[in-house]
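Hi everyone, thanks for making time this morning. Please have a look at the model on the screen, and then I'll walk you through a few parts of it.

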Amino acid sequence: MEIKQLKYFIVAADVGSFSDAANVLYTTQSSVSKVIAALEAELDYPLFNRVSKGITLTEKGKVFYHRASSLVVEFDKLQSETENVHSNVVRIGMLHSSWIANVFSNFYEQHKNEDACYYIHADSTAVLLERLRYSEDELSFIYIFPDTKPQVEYLLNKYNLRFVKLKAVNGMVYLSPEDIAYTNSEYQDNLEGLKFIQSENDEYLRLGNWHTKDGKPIDIRRDISVVTNSDYIMHNMLEKNHLANLSGASFNNYERQYKPGFELYNDGGQIEFGYVTNTNYTPSKLAQAFIDFVRHAIEE
């Protein structure tokens, strides 16, 4: 069985026609038909029903489609890594965070002369843990919220992953992007008149039960104007449209008048920030160096 056969099969199944598959694959219909016929002969069962209007997957074909799709994705990843001319590929996962993005930028600047290529993947905690399970990343930086800690700990144990806490934080209402917090001339500590931009599937909203330092309950759900999964939109609308955002408290130390916002507290406790690794593998030297770099940035 060859990867070419699997790719021809997947395209044919997707478009529902050998002739249309030939157009996509820049080949002839007879070539596609021969490749599929050889694959079916090797499997010893039909993958397609040949009908007057094209082709449809058989029941066994549907099962094979899902398995073949996974194999092709993994093959393409391996091929991409093989074609990479760098001797050192470093894969790091992280949550969407301007702070850690800036930390990585600073880390890269110090190591830019090393023969390495970095793959940085930003996603939700659940997806990052799944990627670590299958060793798609060497390590990931995540937040663990108090209300989902039991579920996360279950997944850590199930997937043989290890979480190392670097810091516990409260929430923060950001009044500007963290990287331009110095533009704030005054420190605001109330929500009156604020409109918010929040992320899709926002864990800070789900957690709820936020309050100010003096115990005043805070609920921003009616004040949300924009929901997005784009870091670019988030940054621009905080800077240019003067929206606010509820997220994790900053790790940076600011003078009072230059804070990017004000802290909120949660009845359930603080949010844990740290990194996760797969206990079956040891991160590369550069990945380890980045962990140390992040730890130092937090402690500054």
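Let's begin with an open sheet of 5 strands, whose order is E4-E3-E5-E14-E6 and whose pairing is mixed. Strand E4 (117-122) and strand E6 (161-169) are at the edges with a single partner strand each, so one side of each has no neighbour in the sheet. On average, neighbouring strands of this sheet are turned by 20° against each other, direction ignored. Helix H10 packs on the sheet and touches E3, E4, E5, E6 and strand E14 (271-278), and its direction makes about 35° with that of E5.

A word on where this comes from: it is a predicted model, in which local features need pLDDT of at least 70 and side-chain atom pairs count only at pLDDT 80 or more, while totals for chains, interfaces and linings use all residues. Residues are numbered from 1 along each chain as its sequence is written, and side-chain values use heavy atoms, with hydrogens and water left out.

Helices (H or I, at least four residues) and strands (E, at least two) are DSSP runs, numbered from the N terminus. Two strands pair if DSSP finds at least two bridges between them. Contact, or touching, means heavy atoms within 4.5 Å. For the angles, axes are lines fitted to C-alpha atoms, for helices over the stretch in contact, and angles run from 0 to 180 degrees between N-to-C directions.

Strands of a sheet pair through backbone hydrogen bonds, either parallel or antiparallel. So how do the neighbours pair here? Strand E3 (residues 89-94) and strand E5 (residues 139-144) are parallel, over 3 bridges, and glycine 93 has serine 140 in E5 as its bridge partner. E5 and E14 pair in the antiparallel sense over 6 bridges, with tyrosine 143 partnered by phenylalanine 273 in E14. E6 and E14 also run antiparallel, joined by 8 bridges, and there lysine 167 stands opposite phenylalanine 273.

Is serine 140 buried or exposed? Serine 140 counts as buried because its relative accessibility is 0%; buried means under 20% relative accessible area, exposed over 50%, and partly exposed in between (1.4 Å probe, protein chains only). Among the residues that serine 140 touches, leaving out those up to four places away in sequence, are Gly93, Leu128 and Tyr275. Strand E14 is mostly covered, with 8 of its 8 residues buried.

Next, the rings. Rings of Phe, Tyr and Trp (its six-membered ring) pair if their centres lie within 6.5 Å; planes under 30 degrees apart count as stacked, over 60 as edge-to-face, and the rest as tilted. How many aromatic pairs does this rule give? The count comes to 20. Phenylalanine 107 and phenylalanine 293 form an edge-to-face pair, 5.5 Å centre to centre with 70° between the planes. This pair links distant parts of the chain, 186 residues apart: phenylalanine 107 is in helix H5 (residues 98-111) and phenylalanine 293 is in helix H10 (residues 285-299). Both phenylalanine 107 and phenylalanine 293 are buried. A charge sits over a ring if NZ of Lys or CZ of Arg is within 6 Å of the ring centre and within 35 degrees of the ring normal. The charged end of arginine 91 does this with tyrosine 119, 4.1 Å from the ring centre, and that of arginine 206 with phenylalanine 145, at 5.7 Å.

There is another open sheet of 5 strands, in the order E10-E9-E13-E7-E12, with antiparallel pairing. Its edge strands, strand E10 (217-218) and strand E12 (245-248), each pair on one side only.

Last stop, helix H9 (residues 231-240). At its start, a side-chain oxygen of serine 230 comes to within 3.3 Å of the backbone nitrogen of tyrosine 232. Just after H9, histidine 242 has a positive phi of about 60°.

How values were computed
A polar contact is a pair of N or O atoms within 3.5 Å; within protein, one must be able to donate a hydrogen and the other to accept it, and residues adjacent in sequence count only if both atoms are side-chain atoms.
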